Amino acid sequence: AALADRQKERAEIAARLSSIEKRIAHPEDAETAEEKASVLKENQESLKAAQADLEQAAQTAGFLKETLDSGQKQIEQMLGNVNPANVQLFKKHVAEWTGAMGIESKPK
């Protein structure tokens, strides 16, 4: 879910960046030379900020993906190291364990 949120955020920033680039390409929509210069400067600053946001979102998405991949590998390794004899032993004593842990056991 966090990765999907970051990817959505990245897409929104990319759309904003595209809009800003269009405004930079056509600052002539302002009326006076002073307004045009001001609009151009604001647009360039906005573009830089949007690019920084996009880079940060991409970096965050990359970190989240690495974390998820690493966690999945760790889970697979832990499950691969489970001794079947231990599973059978635990199944025999699961009622005792749940009682000791204060967990209500549901009958199968």
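Leu47 touches Leu17, Ile20, Glu21 and Ile24, leaving aside residues up to four places away in sequence; a contact here means heavy atoms within 4.5 Å. The model is predicted, and local features need pLDDT of at least 70, side-chain atom pairs count only at pLDDT 80 or more, while totals for chains, interfaces and linings use all residues. Residues are numbered from 1 along each chain as its sequence is written, and side-chain values use heavy atoms, with hydrogens and water left out.

Buried means under 20% relative accessible area, exposed means over 50%, and partly exposed lies in between, with a 1.4 Å probe and protein chains only. In soluble globular proteins, nonpolar side chains tend to be buried together.

Now take helix 1 by itself. Helices are DSSP runs (H or I, at least four residues), numbered from the N terminus. Helix 1 covers residues 2-25, which is 24 residues, and reaches 35 Å from its first C-alpha to its last. That is close to the 34 Å expected at 1.5 Å a residue, where the expected span is 1.5 Å times one less than the number of residues. Which residues of helix 1 are buried? They are Ile13, Leu17, Ile20 and Ile24. What covers them includes helix 2, residues 33-80.

How many salt bridges does a search of the whole structure find? It finds three, a salt bridge being a side-chain nitrogen of Lys or Arg within 4 Å of a carboxyl oxygen of Asp or Glu.

Arg16 and Asp53 form one of them, at 3.0 Å from N to O. Arg16 lies in helix 1 and Asp53 in helix 2, so this pair ties together parts that are 37 residues apart in sequence. Arg16 is partly exposed at 39% relative accessible area, and Asp53 is also partly exposed, at 34%.

Another salt bridge joins Glu9 and Arg6, whose closest N and O atoms are 2.6 Å apart. Both residues lie in helix 1, three residues apart, about one turn of the helix. Glu9 is partly exposed at 29%, and Arg6 is partly exposed at 31%.

In helix 2, Asp69 and Lys65 are four residues apart, about one helical turn. Their closest N and O atoms are 3.0 Å apart in a salt bridge. Asp69 is partly exposed at 34%, and so is Lys65, at 45%.

Some nonpolar side chains form a surface patch. Ile75, Met78, Leu79, Val82 and Val87 make a nonpolar patch of about 460 Å². Such a patch is made of residues with over 30% relative accessible area and no salt bridge; nonpolar side chains (Val, Leu, Ile, Met, Phe, Trp, Tyr) are joined within 5 Å, and like charges within 9 Å. Helix 2 gives the most to the nonpolar patch, with three residues. Is Leu79 buried or exposed? Leu79, found in helix 2, is exposed, with a relative accessible area of 62%.

Terms used
Helix = DSSP H or I, 4+ residues; strand = E, 2+ residues; numbered from the N terminus. Areas by Shrake-Rupley, 256 points an atom, 1.4 Å probe, with all protein chains shown as cover.
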